[in-house]
Amino acid sequence: QPTATTAPSPVPSSTPEPQPVLDQNALWIAADSPSTSVLVVEPITGSVTRVPLPLNEGQEASDIVASPEGRFLAYLVWDDDGTVQHGIASWNLREPNARLITQPLPGYRIISLMLTLSGEVVFVQVQNGPLLDAGWRLEIAPASGGPSELLANRTTAPELLLPQPINLRAGTLMMAAESTGNEHTVSLYALESASGDLQEISLPEDHVMGSGALSPDGTQIAYVVDHVVRVANVRTQEATTITPPDGSQAISVAWFASSDELLLDLLTMPDAPETQTWARVKVSSSPPWPTTDPDPLRAQLFTYRPFDGGVTYTLFPTNPNDTWILYLLPQIAEGVAPIRIPLDNLPGGSPKIIYAPDR
């Protein structure tokens, strides 16, 4: 007698996950002036692709930033004559369209923004008028859309002039700012987003050059002061000083992905831009460090990022009409020549490197 069998249950087919519009294994370049697109540079082949931004007709984007893991772009949206600022657009790169997630308050304009690893946009808006006398608001909003939240303003932090967000980790926002009592002197601060507690992270006597760089794991912040590098623990404020050897001077600093190595931009001879070089430095190590050959052209450095154990950077052209070049230095070592990739179809302005993958 035949035995009845149960038909196998159908296996549901998986829906393929949408791929990001921008290649997350490539480098992303944005103009530092209003534009309507970004460049995607494939580092192995050197191919350069221009990708339009989702904008309405008659609009342009400025202040384009990318999230650290390459999930979102965010930018300020303007009428193409530069007279009307509409607000911040956020583009989930697995979707075809961007969305306007926040608008400036009446009488205000947004002046800076950054994207966090946890999927938020941190931004500063300021009252129209002279900056030193203007009210300001430091806010955070979900990159996917939703109401913004006030983190600080001139009432809650009256000792600060306009803050510049650096990075957000585990509810702590790192930022650079001048103080009302000491204009033109930049210090670094940690702001607890839940409580509003504000604490100075850089040493009180330090006048920070530029802004700080938060380590990828969020535990340390590095900054340059008097041509040496300080590395401060975000929680304890204990600082380590890294002094370049033989009278060389630190100009700026960035982190490699490991959170224990720094990329230093150095002058090997004081006040001699033609001696500019790169160094790869373990935080706990002493000189000598791996360095590159000095390059006189590096005096024209515009923007850079650590990339794949080396560095990628752009230089101001010697002739303003020359094509901008993206340089890729595959490792920090002597005798290594950079790979040159022309940015022929740069969408106006000077090229900022807004994204480099951790590899």
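**Strands, sheet and pocket**

Guide: This is a predicted model. Start with S23 and S24, which form a hairpin with two residues between them. In that turn, aspartate 308 has a positive phi of about 55 degrees.

Visitor: How do you know that S23 and S24 pair?

Guide: Two strands pair if there are at least two bridges between them. Strand S23 (residues 301-307) and S24 are joined by six bridges. Take proline 306: its bridge partner in S24 is valine 311.

Visitor: How do you know that S24 and S25 pair?

Guide: Apply the cut-off of at least two bridges again. S24 and strand S25 (residues 325-329) share four bridges, so they pair too. The sense is antiparallel. Here tyrosine 313 has tyrosine 327 in S25 as its bridge partner.

Visitor: What makes strand S24 mostly covered?

Guide: Buried means under 20% relative accessible area. In strand S24 (residues 310-315), six of its six residues are buried. Each of those six therefore falls under 20%.

Visitor: Which residues of S24 point which way?

Guide: Gly310, Thr312 and Thr314 point one way. Val311, Tyr313 and Leu315 point the other way. All are buried. In a regular strand, side chains alternate between the two faces of the sheet.

Visitor: Why are S4 and S7 called edge strands?

Guide: The open sheet has four strands in the order S4-S5-S6-S7, with antiparallel pairing. Strand S4 (59-66) and strand S7 (99-102) each pair on one side only. On average, neighbouring strands of this sheet are turned by 40 degrees against each other, direction ignored.

Visitor: How do you know that S6 and S7 pair?

Guide: Three bridges join strand S6 (residues 85-92) to S7. At least two are needed, so the pair counts. Serine 90 stands opposite arginine 99 in S7.

Visitor: What lines the second largest pocket?

Guide: About 220 Å³ of space lies in this second largest pocket. Of its 14 lining residues, the closest to the centre are Leu161, Leu162, Pro163, Ala177 and Glu178. Strand S8 (108-115), strand S13 (172-179) and strand S16 (209-214) each give two or more residues to the lining. S13 gives the largest share, three residues.

Visitor: How many residues of that lining are nonpolar, polar and charged?

Guide: The lining of the second largest pocket divides into nine nonpolar, four polar and one charged.

Methods. Residues are numbered from 1 along each chain as its sequence is written. This is a predicted model: local features need pLDDT of at least 70, side-chain atom pairs count only at pLDDT 80 or more; totals for chains, interfaces and linings use all residues. Side-chain values use heavy atoms; hydrogens and water are left out. Axes are lines fitted to C-alpha atoms, for helices over the stretch in contact, and angles run from 0 to 180 degrees between N-to-C directions. Buried means under 20% relative accessible area, exposed over 50%, partly exposed in between (1.4 Å probe, protein chains only). On a 1 Å grid over the protein atoms alone, a cavity is a set of points where a 1.4 Å probe fits but cannot get out, and a pocket is an open set with protein on both sides within 12 Å along at least five of seven lines; lining residues have an atom within 4 Å of a point. Grid points are joined across faces, edges and corners, and a volume is the space filled by probe spheres set on the points. Ala, Val, Leu, Ile, Met, Phe, Trp, Tyr, Cys and Pro count as nonpolar, Asp, Glu, Lys and Arg as charged, and the others, Gly among them, as polar.
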